[in-house]
Each structure stands twice: as structure tokens, then as C-alpha cells.
Amino acid sequence: MTTSANTPLFHRLQVLLFAVVILAVWEGACRVLHISSLILPTPSEIAGKLVSLSVSGVIWPHLWATLVEIFSGFLLGVGAGLVSGALVSLVPVVERLVYPYLVALQTLPKVAIAPLFIIWFGYGLFSKVVVTALVCFFPILVSVVAGFHATDKDQLDMMKAFGATKWQTLVRLRIPSALVLIFAGLEIAAVLAVIGAIVGEFVGAQVGLGYLIVTLNFNLDVPGVFAVLIYLSMIGLILHGAMRFAARRYIFWIRRSDAAVMV
Amino acid sequence: MSKVLERLLGDPPSGRDVAAAPATSPLIEIVDLEKRFKTRSGEVVTALSNVALNIQEHEFISVVGPSGCGKTTLLRILAGLEQASSGVVRCGGESVSGPRPDVSVVFQQATLLPWDTVMTNVMLPVHLKGDKSAAAAARAERLLAFMGLKDFAQKYPFELSGGMQQRVSICRALMRDPRILLMDEPFGALDAMTREAMNIELMRIWVEERKTVIFITHSIPEAVLLGDRVIVMSPRPGRVSEIVDVDIERPRNLQTMSSPRFGELCGHIRTVFGAESAMGHSL
């Protein structure tokens, strides 16, 4: 089940070595070709900036604000997505009346609404939380609905033949089988949550990593921008890894290669 | 159109057979069963027509027929998963209107719940009835041991081979001690060797547990090896073309399959199939 653990150490070293080679070529090319750090800073400059941002403490309030936005938005969006997905799947009236509109709304680029949220909810944290929640909401909704639809027909027959009630069928069969797609949705939402928070901050904020990027960019501190990007990708990787870990634990019966993961 | 053809061809032979059935009241009684489906385009398809059958308690009935002859539909109606369009289906004197506690089904796929252990899967039917007693757990353990799965109780279905999964599914079906076991090509997905082993195992269960079994298959040798009687069905609309008594002594084993009588019976059933398809061509 855990392919990475079975892979020989040698393969991992190869991957690491590949990264070292890429960084070395990058560094060398910048130096030899005299590329301005305003256009493409060298890895060493970025590393230096990364250390100075962290040591001076400049980054922490921004990091904290963005993390709060990501986590609250993710939880809010996932919660709302799970509840509405369950309602759409299990209450026929809701499916008939509401689902077409939800699908229509899904085609709207959510980030385009971000400026409106600034007007409605202000420049503070809350407007970013709402944008984040909104971008997380749809993949969860869709995966819950798809998950409930994906219940195996033969297994439904089996439950019926054994005289299971609707409630028993839901708990013993439909919810566990929906989990497979729900976890795929969670992986997507985890990545989108970072995007949501940053876009929200781009539109208007006084704090946060997105705000920091805009400020550094304005000051032509390109190595600084790269350093913040590294922080952002770390957050994304950790979130995604956490979802992967949870999936492996809670939907252990699915082999990793079978899981519908689209990120 | 099909009605007219049937009249031209006369009554199916099953009619005579029912009349000759013994006078003791049968466990399962099917009279004039018909099942029609409406397709998406609104066309009405007759899956089963004029099916009549009496099955005695403890009988092992094999049902063979080409694909699309409605044998699975017949089983689904008996299981209460589908309703007959017309006709009577009685089980122990009561007409079948839905799933019954004294009827268990083994499906073509093992349909085990992949997130539950073998033990939990086998316990499912009694859990659904709210019975979590130690006695039930003991029965599940006995069944698993009987099927050679003693050491696999705490494994998950994906850790088991196809044959083992189907054995678990049979344990699950036996768990609530049904009078009738309905089996829909349960070994169809298994390789030939496993399939033969499963046939022997099934005969052992049938002797031990004294169930009434209705076993659907598309393998003629399998039908003859297992059944007291073989119901031969014709393609659309599904009708009973012939009921063949298997007069081969029990206990039977894989050697039975090389006996001359076995070959004769298989050959005879093949002829029935041949006659049906030839008729289909001339029509």
C-alpha cells in the first residue's frame, strides 16, 4: 500500500540529487550570464532571504494570518460542502431544486467574486476566510454527490436482500463507499485553500503572505517574493500530505494507484 | 407477437411437468410467472413468460440457460428484489412481495464490504437485525472454520483471493440460517480449478446445512453435478424448456463428471439448447 516506503533508498537519493543538479545549474547560469536578481535571483540569494525573513521575525505575523485564513476557510468550506452534498444526495427535493443552481454557480470563477467579499466583509481576516471557504466548498460538494452516486448496485441489492433499513444502508454501505471520492475532493480542496487565501489577500489586505508578496514585489525585492513562495509551497505540501495520510488511514481498502486523485 | 408465436408452438413442456409434480405442498411454488420490463425507449420486453415450477424443501435445483434468458430475473423475483408482472410466486405458502428473512442470496460478485473485516462481513445479516450476541459470533466462527477460513476472520476482503471472497459471501448468506439459498452464478468469475473445488464445497454445505438451493449457472456440467433437477431455460422471453431429473447417486464428486450417465445428461441438455437455438433461427 505504501509504495514510497518500499522504494529503495537509492531512488530517493536520485530524486534528491536531481534537485541539487537543477539548483546548481540555476545558480551557475545566473552567475555566468549575469542575470539580474530583479529578474531571476540565484538559489543562494533566495536561501539568504528565506533565513533573514525568518530570523528577523518579519514573516511570522504574515504566516500566522495566512494559516488562520487557510485553516478556517478550509474547515468552513469542507463543513458546508459535506452538509450540502449530503442534503443534495439524500433529499430528492433539494437535489431537484438546488443542485442545478449549485452546478451553475460552480462554473463561475470564484476568485472573481473576491473583490465583492472585500466590500461585504471588509479588509480583515474574515473576507479571506470566506473566499477560501468558497473555493473549497465546490470540490467537496461535487465529490460527496459523486461519492453517494457511486454506491455499487450489487452491494445495494445485497443490503436490500438482507433486509437492511434505509438508515442501515446509509451507515454501513453508502457513507463508507462515498468516502473514497470525498477524500479525493479533500485533497483538491487542501490545495485550493492556499490559492483562495492568497487571492483574497491580493485583492486587499493589511497582513498575510499574499499581502507580503504584493509588498515585496512593489519594492522589487524579487528574492523576497521567491522566499515567500517557498513558504506557500511548504504549506500546500503539508496540507496535501496530511490529506494523503488521512486517506491512507481511513480508506485503507483502496490501493493508492486506484484512488481517483487529480491534483 | 410473442404471444401468438407461443400459441402456435403450443404449451412449453414445463406445463406437463408441473402437473406431474408430487402432491405434497412444495416449498416454492411458481405459477404462470411473467416479467415485463419497459426499456428506455418505452418498448416492452418480456424477460420471463409462462414460468411454472414447484420446488420441494431440501432440493438442489440448478437453472441453466443462455445469457438473456431471464434466469437472473427469476432469482431476483424469488429474492424479493423485483416484482413479478403477473403470476404467483409463493414461498412456504406465502406470496413473495419483498426480501424475506428465510431467503439468502449469494451474488455473482462476492459483494463484501471492503472496509469491514471478514468476521464483520459474515456478521452483517445478524447485525442488521440488531443481534450482536456471543452466540451469533460463535456461529460465524463455526461457519468460517467449516469453510476453511478460520485464520482469515480478521483479514480484509482485499487480502483474500476471489474464491475465498466468495466463500466468505456464502458464510454470510448462511449466517441467518435461511431455508432457501439463492445463488446467481456464484462461481462464474472463478478459474476452473477453484470453481471445481467450490462445487465440492457447496455440496458439502448442502448436505450439512440441509438448505433448499436454487443455483443459477451457465455451465451445463456444473448444473448436472450439483442439481437434483436441472431447469433448462430458453432465451427471450425466458421460459422453462425442460426440467431434467439428475438420477445420479449422491455423494457425487469430480469423478462423477467422467461417468457415462453424467455425459448423457449433459449431452441431452445440450440438445435441448440446440433445438431452442435452431428454432430461433427458423423463426
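## A hairpin in chain B

Strand 4 of chain B and strand 5 of chain B (residues 94–95) run antiparallel and are joined by two bridges, where strands are DSSP runs of E of at least two residues and helices are DSSP runs of H or I of at least four residues, both numbered from the N terminus, and where two strands pair if DSSP finds at least two bridges between them. This is a predicted model, in which local features need pLDDT of at least 70 and side-chain atom pairs count only at pLDDT 80 or more, while totals for chains, interfaces and linings use all residues. Residues are numbered from 1 along each chain as its sequence is written, and chains are lettered from A and ligands numbered from 1 in the order in which they are written.

The two strands, strand 4 and strand 5 of chain B, form a hairpin with two residues between them, and B:Gly92 in the turn has a positive phi of about 55 degrees. The bridge partner of B:Cys91 in strand 5 of chain B is B:Glu94.

B:Val51 is found in strand 2 of chain B (residues 44–55). B:Val51 is buried because 26 other C-beta atoms lie within 10 Å; a residue is buried if 20 or more other C-beta atoms lie within 10 Å of its own, exposed if 12 or fewer, and partly exposed in between, with C-beta atoms placed from the backbone. Leaving aside neighbours within four places in sequence, B:Val51 is in contact with B:Ile30, B:Leu33, B:Leu74, B:Arg239 and B:Val240, contact meaning that the C-beta atoms of two residues, placed from the backbone, lie within 7 Å. B:Val51 and B:Met193, by C-alpha positions, are 34 Å apart in space and 142 residues apart in sequence.

## The mixed sheet of chain B

Six strands of chain B form an open sheet in the order 6-7-8-3-9-10, and the pairing is mixed. Strand 6 (103–106) and strand 10 (239–245) of chain B stand at the edges with a single partner strand each, so one side of each is left without a neighbour in the sheet. The twist averages 20 degrees from one strand to the next.

Strand 7 of chain B (residues 180–184) and strand 8 of chain B (residues 212–217) run parallel and are joined by five bridges, with B:Asp184 standing opposite B:Ile216 in strand 8 of chain B. Helix 6 of chain B (residues 162–175) packs on the sheet, touching strand 6 and strand 7 of chain B, and its direction makes about 170 degrees with that of strand 6 of chain B.

## Helix 5 of chain B

Helix 5 of chain B (residues 134–146) has 13 residues and reaches 18 Å from its first C-alpha to its last, close to the 18 Å expected at 1.5 Å a residue, the expected span being 1.5 Å times one less than the number of residues. In helix 5 of chain B, B:Ala140, B:Leu143 and B:Leu144 are buried. They cover an arc of only 100 degrees around the axis, which puts them on the same side of helix 5 of chain B; the arc is that of the directions from the helix axis to the C-beta atoms.

The buried residues of helix 5 of chain B pack against helix 4 (118–128) and helix 6 of chain B, whereas the face turned away from the buried side carries the exposed residues B:Ala134, B:Ala135 and B:Ala138. Helix 5 of chain B is followed by B:Gly148, whose phi is positive, near 70 degrees.

## Chain A and its side towards chain B

The secondary structure of chain A comes to 11 helices and zero strands. Buried residues make up 34% of the 263 residues in chain A.

In the contact between the chains, 14 residues of chain A meet 16 residues of chain B. Helix 8 (153–161) and helix 9 (166–203) of chain A each supply at least two residues of the side of chain A that touches chain B, and helix 8 of chain A gives the most, with six residues.

Key. Axes are lines fitted to C-alpha atoms, for helices over the stretch in contact, and angles run from 0 to 180 degrees between N-to-C directions.
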